[in-house]
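Dear colleague,

My notes on it follow.

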Amino acid sequence: MAGERLVKSAMDGPVVSRRRERMRQILVEAAMRLFARQGVDATTIDEIVETAGVAKGTFYNYFTDRLEIAREVARTIRAEINGAVEELNQGIEDPAERISRGVRLYWAMTVLDPVKAQMLARIYDGGIDMHRGLNQHLLGDIDDGLAKGRIAAADRETVLHFVLGVATAGLAALIHGGAPEEVARGEGYARNMAVMLLQGFGLSPAEIDNVLTRPFDVSRLSVFRKAS
């Protein structure tokens with residue numbers, strides 16, 4: 001009998017772990033929707049548990065307060081975006097192209113996953129200090145671009161602020177003004193903004209055209225397949 005109980009306990013372990021992870025995910029997704037719509041400060045724990053469809057006590061089994069779940073939401077988005085950028089840029093060697101594709105990916109989110117796009121905008125707006133993690137791929141590409149002469153600038157900080165300025169301004173414009181479907185394909189507004197970004201790097205019109213005429217398909221990425 002004791003042996004049977006040990007076997008059952010060992011089998012139950014992974015099941016319980018999966019259930020806990022699923023419940024944690026439900027809470028995070030509920031918080032994300034609320035934070036994206038009304039901000040972190042305007043969201044209460046009561047609203048989070050109501051949206052998640054769970055008891056308030058369940059919340060405290062996973063998080064101590066609103067700030068902790070806000071950080072978890074930001075961490076989740078950061079990990080998904082970093083993974084999506086890496087997936088999108090597989091096989092792309094040119095750092096200027098890699099940056100432009102990553103920025104267009106952010107804009108494509110306004111069409112393919114508006115909730116995460118709104119939350120991303122709030123993260124960059126200063127509500128949650130996760131800038132460094134979100135920028136880890138970008139900083140590497142900036143350093144590579146400066147070293148290879150694909151970005152004409154004095155230092156990485158200047159380039160970082162320039163790229164983030166273009167990316168966040170475009171993100172805000174698309175969220176508030178409405179994002180047409182073509183943005184998900186990197187066309188229209190997204191292409192026009194990308195042209196200005198690459199001009200700022202110092203690329204010639206021919207080089208810019210070469211970068212932007214290459215295939216750009218974000219709908220195949222894992223992050224968007226999960227959202228659909």
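**Findings**

T76 is buried, since its relative accessible area is 18% (buried means under 20%, exposed over 50% and partly exposed in between, with a 1.4 Å probe and protein chains only). This residue lies in helix α4, residues 66–88 (helices are DSSP runs of H or I, at least four residues, numbered from the N terminus). T76 and M32 are separated by 44 residues in sequence, with their C-alpha atoms 9.8 Å apart in space.

The model is predicted: local features need pLDDT of at least 70 and side-chain atom pairs count only at pLDDT 80 or more, whereas totals for chains, interfaces and linings use all residues. Residues are numbered from 1 along each chain as its sequence is written, and side-chain values use heavy atoms, without hydrogens and water.

The chain has a mean pLDDT of 86, with 88% of its residues at 70 or more (pLDDT is the predictor's confidence in each residue, from 0 to 100). Over residues 127–131 pLDDT stays under 50, and the model has 14 contacts for them beyond four places in sequence (contact means heavy atoms within 4.5 Å).

Helix α10 (residues 189–201) and helix α11 (residues 205–212) have axes that come within 10 Å and cross at roughly 135 degrees (axes are lines fitted to C-alpha atoms over the stretch in contact, and angles run from 0 to 180 degrees between N-to-C directions). The two helices, α10 and α11, are therefore oblique to each other (under 35 degrees counts as roughly parallel, over 145 as roughly antiparallel, 65 to 115 as roughly perpendicular and the rest as oblique). In α10, R191, A194, V195, L198 and Q199 meet I208, D209, V211 and L212 of α11.

Yours sincerely
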